[in-house]
Amino acid sequence: MTAASQAERTVLEDEFNWLLKEEVHAVLKQLQDILKEASRRFSMPTPGLESQLKQENFILGSSTMDQVKGVLTLQGEALTQADINIKVAKSSQVMHFAFRDDKQWKLQQIQDARNHVNQALQLLNSRDESYHFKTGAEVNKLMDAVMLQLTRARNRLTTPATMTLPELASSGLMKMFTPPMPGDVMVNFYINLSKLCLIVYQLHVLQPNTTKNFKPAGSSVLHNPGAMFEINNSKFEVSHVHKVECVVPWLNDTLVFFTISLQLCQQLKDKISVFSSFWNYKPF
């Protein structure tokens, strides 16, 4: 090895050691601060202090014919109240439903996203400032694990769960309301990005001697008019679908935090890859 290449290797080694000792921990601290802010947005009340978690009211709006109006009350991951007016398509009669006082509906998407954020924080907290990273591979492994949790958290908010119509008809959500939902109306709530969405399905019963070709609909986030399903030996068809939604600002905040955090993780991995030539001399 020439003196020049030896000197270059020494410089690379010093820079790489500085990266492992100083810059990695600076990035980890930055990630912790951002994800703590994200976690605070999902904040859960401590036992006995439920009232500390802010209740927020959201008015559901629609660009269609105002067939559905409502106000939703969100407290963390729980819908604590839903006040919904549905205008029946045929008669223009308005039906009013609200959650029973003893019921609230947990939004699983928010719960799961929060859990993934907290798992990412636990991974970061497992490497405090006194920890010495020995190789780039070790840093990459940590970044990959953190990025996996953050991607899962983001995906839970951006990708609502699909459901079949029979699953929706028999879900606990149908038992939340007073007065009880009639058999020809179904509702579903879900998160899509920073929006809280309500879907209302109006149904009609298919007669046993119907000439229609009965084709049960599969699993979907949103079922269109004409979708058919069978439950308790009765066949139904979706006649009308109404979707209303409202923006939840703190969900938008968390999605921004996820994007920034994922970029920081990737930038650190990119810096480490710059030293790949150095790893040719040193076991990676």
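Mentor: Welcome! In this predicted model, let's begin with a charge over a ring: lysine 235 lies over the face of phenylalanine 214, 5.2 Å from the ring centre.

Trainee: Which residue lies over the face of tyrosine 131?

Mentor: That is arginine 127, at 4.6 Å from the ring centre.

Trainee: Now the rings themselves. How many aromatic pairs does the structure hold?

Mentor: There are six aromatic pairs. One of them joins phenylalanine 42 and tryptophan 250, with 5.8 Å between centres and 85° between the planes.

Trainee: Why does the pair of phenylalanine 42 and tryptophan 250 count as edge-to-face?

Mentor: Planes over 60 degrees apart count as edge-to-face, so the 85° of this pair puts it in that class.

Trainee: Is phenylalanine 42 buried or exposed?

Mentor: Buried means under 20% relative accessible area. Phenylalanine 42 has 2%, so it is buried. Tryptophan 250, at 9%, is buried too.

Trainee: What kind of pair do phenylalanine 97 and phenylalanine 177 form?

Mentor: They form an edge-to-face pair, 6.4 Å centre to centre with 80° between the planes. Phenylalanine 97 lies in strand S4 and phenylalanine 177 in strand S6, 80 residues apart. Phenylalanine 97 is buried, with a relative accessible area of 3%, and phenylalanine 177 is buried with 3%.

Trainee: Which residues form one aromatic cluster?

Mentor: Phe97 and Phe177 cluster with Phe99 and Phe189.

Definitions and conventions: Residues numbered from 1 in each chain as written. Predicted model: local features only at pLDDT ≥ 70, side-chain atom pairs only at ≥ 80, totals over all residues. Heavy atoms only, no water. Phe/Tyr/Trp six-rings, centres within 6.5 Å; stacked < 30°, edge-to-face > 60°. Buried < 20%, exposed > 50% of the residue type's maximum accessible area, 1.4 Å probe, protein only. Helix = DSSP H or I, 4+ residues; strand = E, 2+ residues; numbered from the N terminus. Lys NZ or Arg CZ within 6 Å of the ring centre and 35° of its normal.
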